[in-house]
Amino acid sequence: MRPVSRITGISATYGTRSKELVSQRIYGLALGYEDLNDHDQWRHDPFLGVLTGKPQTQQSAAGKSTLSRMEFGTRETNRYSKIEVDTTAIDGLLVDLFVEAFATAPARIVLDLDATDLPLHGHQEQRFFHSYYDGYCYLPLYIFCGEHLLCSRLRPANQDASAGSVEEVARIVEQIRTAWPSVQVILRADSGFCRDGLMSWCEANKVDFVFRFARNTRLESLLEPSMMLAHAQQTSTGRAARVFAEFDYETTSGSWSRSRRVIGKAEVLGNKENLRLVVT
């Protein structure tokens, strides 16, 4: 784990106390103390003082209320919150750490976008039912490059999986290209991100993409010749067969602003057909 002291770029503005609070929260998460309530007991542990650099002669570490004000605060100063949180700097830190992990600039990087459920078991604010996950949850957005987390954005579940992705990708790509002007950036995601707004942004900003494309009857008919050929190959060889095809595709509903390249895989596995499509 990278030392928490690396957070100096964010917390120097707010003093040593804020560094201790951020350190306490991060080490708590790493050790399994996920709930802020846990800190009311853990704050008295001498080991925590060693981790955060707090001298043993001083008072105990912060309790749940202080940590809550830090974690859920904004940059707006008021009489109840004396700790300001620079969320822009926190977002930038994730990308900075990613860039610093490379000795030299890579020629190409792949950014993976994903949304998943964060189940809720009470009546939290902005609590909504999500039919796909069959439960009440939040729907956070994640952006990774390999093992590196570049974005983690908490969102309510009453919206599209791609909501906010253009803004997040735009700031991340801008920051990466400032460090690596010549790097090729490729976005990769499932069909929940196959949206005209995100693809149009990529095309306008020279960012490549490969998105899963949900099948429909029109696409199935376009790939029918390829599926027939895969069946013929499977019958001839007795083994699984797959045939690839590509074509320009434009939605009839007008949801796409232009035609785009679609690649399809027609695969036969025994007596089963496997059809997969991507737009790129």
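Modeller: A disulfide here is a pair of cysteine sulfur atoms within 2.5 Å, and by this rule the count comes to zero disulfides. This is a predicted model, in which local features need pLDDT of at least 70 and side-chain atom pairs count only at pLDDT 80 or more, while totals for chains, interfaces and linings use all residues. Residues are numbered from 1 along each chain as its sequence is written, and side-chain values use heavy atoms, with hydrogens and water left out.

Biologist: Is Cys137 buried or exposed?

Modeller: Cys137 counts as buried because its relative accessibility is 1%, where buried means under 20% relative accessible area, exposed over 50% and partly exposed in between, with a 1.4 Å probe and protein chains only. Cys202 is also buried, with a relative accessible area of 1%.

Biologist: Switching topic, where does Arg127 lie?

Modeller: Arg127 is in the loop between β2 (118-119) and β3 (128-130), strands being DSSP runs of E with at least two residues, numbered from the N terminus. At 27% relative accessibility, Arg127 counts as partly exposed.

Biologist: And what does the side chain of Arg127 reach?

Modeller: It reaches the backbone oxygen of Gly122 at 2.8 Å, and a polar contact of 3.5 Å joins the side chains of Arg127 and His123. A polar contact is a pair of N or O atoms within 3.5 Å; within protein, one must be able to donate a hydrogen and the other to accept it, and residues adjacent in sequence count only if both atoms are side-chain atoms.

How values were computed
Helix = DSSP H or I, 4+ residues; strand = E, 2+ residues; numbered from the N terminus.
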